[in-house]
Amino acid sequence: MGELKEDKNFERMLESVARGILVGGSIGAIAGWFFMDLQRALLLGMLVGCVAGLTMKRVRDKRDVED
C-alpha cells in the first residue's frame, strides 16, 4: 500500500518537473529571440521551470491533503 503511494508521488513529481521544464524552456526561448542570448535564456528558463514545477507539486499535494 505504501509502495503505491510512493509511486504516485514520484510520478506526480516527474510530471510537474517535466511540465515546468517545457514551459520554462519555451518562455526562455521566446526571451532569447528578443532580449538576450538564446542559449542563456533557454537554460535559465528551464532552470526556473524546474523550480516552478516543484512548487506546483507542493501546491497539489497540499490541496490533496486538505480535501
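Buried means under 20% relative accessible area, exposed means over 50%, and partly exposed lies in between (1.4 Å probe, protein chains only). The model on screen is predicted: local features need pLDDT of at least 70, side-chain atom pairs count only at pLDDT 80 or more, and totals for chains, interfaces and linings use all residues. Residues are numbered from 1 along each chain as its sequence is written, and side-chain values use heavy atoms, with hydrogens and water left out.

**Stop 1: the salt-bridge network**

Select Asp-64 to begin; with a relative accessible area of 41%, Asp-64 is partly exposed. Arg-12 is buried, at 19% relative accessible area.

Next select Asp-61, whose side chain also meets that of Arg-12 in a salt bridge (3.0 Å, N to O). Asp-61 lies in helix α2 and Arg-12 in helix α1, so this pair ties together parts 49 residues apart in sequence. Together, Arg-12, Lys-57, Asp-61 and Asp-64 are linked in a network of salt bridges.

**Stop 2: a buried serine**

Select Ser-16, in helix α1 (residues 2-34). Ser-16 is buried, with a relative accessible area of 1%. Not counting residues up to four places away in sequence, Ser-16 touches Gly-53, Met-56, Lys-57 and Arg-60, where contact means heavy atoms within 4.5 Å.

**Stop 3: the other helix**

Move to Leu-42, in helix α2, which counts as partly exposed at 34% relative accessibility. Leaving aside neighbours within four places in sequence, Leu-42 is in contact with Gly-25, Gly-28 and Ala-29. The C-alpha atoms of Leu-42 and Ile-30, 12 residues apart along the chain, are separated by 8.5 Å.

Finish at Leu-47, also found in helix α2. Leu-47 is exposed, with a relative accessible area of 55%.

Note on methods
Helices (H or I, at least four residues) and strands (E, at least two) are DSSP runs, numbered from the N terminus. A salt bridge is a side-chain nitrogen of Lys or Arg within 4 Å of a carboxyl oxygen of Asp or Glu.
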